[in-house]
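Reader: I have a chain open on my screen and would like to go through it piece by piece. Can you take my questions as they come?

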Amino acid sequence: MSAAAPIRWPAEAIWEAVSPVLPGFTVEVLPTIDSTNTELMRRARVGQCEPTLLVAEQQTAGRGRLGRVWQSDVGASLMMSLGLPLAPVNWSGLSLAVGVSVAESLQPMLPPLGAGQPARVGLKWPNDLWLGASSGAAGDRKLGGILVETASFVQPQAAIAADVMARAAPGAASTARYVVVGIGINVLPRSADGMSMPPGSLQDVEPGLDAPTALLRIVPPLVAMLQSFAGYGFGPMQPRFAARDVLQGRAVTLSDGHTGTAHGVGDDGALLVHTAGGMQAITSSEISVRPSAVPPV
């Protein structure tokens, strides 16, 4: 599918799959918008807290973590945000859990290492989808990113939203908030100009995979995962994250200049890094973790 081709989105199929477990769920597809996350957060702040999937064919001011820009031509990327009421027992590790769900939807089984194999969809703490290198292939490439934001409920929608949350995730025990999960994924190859890391695309994973097909694969399992996360947190997903952790055992450089070796994540989603000062649990959303140029011996 070329970037200019008309796009047929599976809105009805997604609604049929999700609405039975998420009452009031709607699907919206817009030709262009500044940012799907920004729009759902705007709505939440004025009391519009219904469960909503918002898809944009083009974003003019898409946002990534730490304010980074995410923009794309029509059809070249999948750009979506899912907003819904949620009250998890513990919010820690939510973006990691989202990453696990998306990665498994795009590539349920990791292909073996070796020349001629498809790229492996991995996860880079805390919220990036990476394509891992295999023998004879290019190095690490960024496939996509995840941006999770939350907003407090505004009356009178709070009571409605809380009721939706209670029916969707019985047993959740913390204060309900409106969570917006933004996902941006490269569908077609794109230029690496101005990027610190070469981009990858879904064509490296599965030739011919387009944005509508990827959307249908991602959304229903993502909703189910979020409802499970509300009751059980990140802990049960820790082993699944570990299977795709691209930083495991690698030298990393923290944004404060310290270096160390990544040792996976804890059951709260914290990145464990062994530094000269001992093991550190990295949790701050303001810390950027970059693999060092030279891997550990």
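Reader: Which contact joins the side chains of R141 and D204?
Author: A polar contact of 3.3 Å joins them. A polar contact is a pair of N or O atoms within 3.5 Å; within protein, one must be able to donate a hydrogen and the other to accept it, and residues adjacent in sequence count only if both atoms are side-chain atoms.

Reader: What should I know about the model and the numbering?
Author: This is a predicted model, where local features need pLDDT of at least 70 and side-chain atom pairs count only at pLDDT 80 or more, while totals for chains, interfaces and linings use all residues. Residues are numbered from 1 along each chain as its sequence is written, and side-chain values use heavy atoms, with hydrogens and water left out.

Reader: Back to R141. Is R141 buried or exposed?
Author: R141 counts as buried, at 13% relative accessibility. Buried means under 20% relative accessible area, exposed over 50%, and partly exposed in between (1.4 Å probe, protein chains only).

Reader: Which residues does R141 touch?
Author: Leaving aside residues up to four places away in sequence, R141 touches A119, L129, W130, L131, M197, P198, P199, G200 and D204. Contact means heavy atoms within 4.5 Å.

Reader: And where is K142 placed?
Author: K142 is in strand 8, and R141 has its place in strand 8 too. Helices (H or I, at least four residues) and strands (E, at least two) are DSSP runs, numbered from the N terminus. K142 is partly exposed, with a relative accessible area of 27%.

Reader: What does the side chain of K142 make a polar contact with?
Author: With the side chain of D128, at 3.5 Å. K142 also lies 9.5 Å from G122, C-alpha to C-alpha, and these two are 20 residues apart in sequence.

Reader: What is the bridge partner of G122?
Author: W130 in strand 7. Strand 6 and strand 7 (residues 128-132) run antiparallel and are joined by five bridges. Two strands pair if DSSP finds at least two bridges between them.

Reader: How many strands form the open sheet with mixed pairing?
Author: Seven, in the order 1-2-5-9-8-7-6. Strand 1 (26-30) and strand 6 (120-124) are at the edges with a single partner strand each, so one side of each has no neighbour in the sheet. On average, neighbouring strands of this sheet are turned by 20 degrees against each other, direction ignored. Axes are lines fitted to C-alpha atoms, for helices over the stretch in contact, and angles run from 0 to 180 degrees between N-to-C directions.

Reader: Which strands does helix 2 lie across?
Author: Helix 2 (residues 36-45) lies across strand 1, strand 2 (52-56), strand 5 (77-86), strand 8 (141-151) and strand 9 (177-186), and runs at about 145 degrees to strand 2. Eight of the 10 residues of helix 2 are buried, so the helix is largely enclosed by the rest of the structure.

Reader: What caps the N-terminal end of helix 2?
Author: S35 does: a side-chain oxygen of S35 lies 3.3 Å from the backbone nitrogen of N37. Just after helix 2, G47 has a positive phi of about 95 degrees.

Reader: What about helix 6? Which strands does helix 6 lie across?
Author: Helix 6 lies across strand 2, strand 5 and strand 9, at about 25 degrees to strand 5. Helix 6 (residues 211-232) also packs with helix 3 (residues 94-106) at an angle of about 140 degrees, their axes 9 Å apart. Residues making that contact include L94 and V98 of helix 3 and I218 and F229 of helix 6.

Reader: New topic. What is the order of the five strands in the antiparallel open sheet?
Author: The order is 13-12-11-10-14. Strand 13 (278-282) and strand 14 (289-291) are the edge strands, each pairing on one side only. Neighbouring strands of this sheet are turned by 45 degrees against each other on average, direction ignored.

Reader: How many residues lie between strand 10 and strand 11 in their hairpin?
Author: Four, and G257 in the turn has a positive phi of about 95 degrees. The hairpin of strand 11 and strand 12 has five residues between the strands, and there G269 takes a positive phi near 90 degrees.
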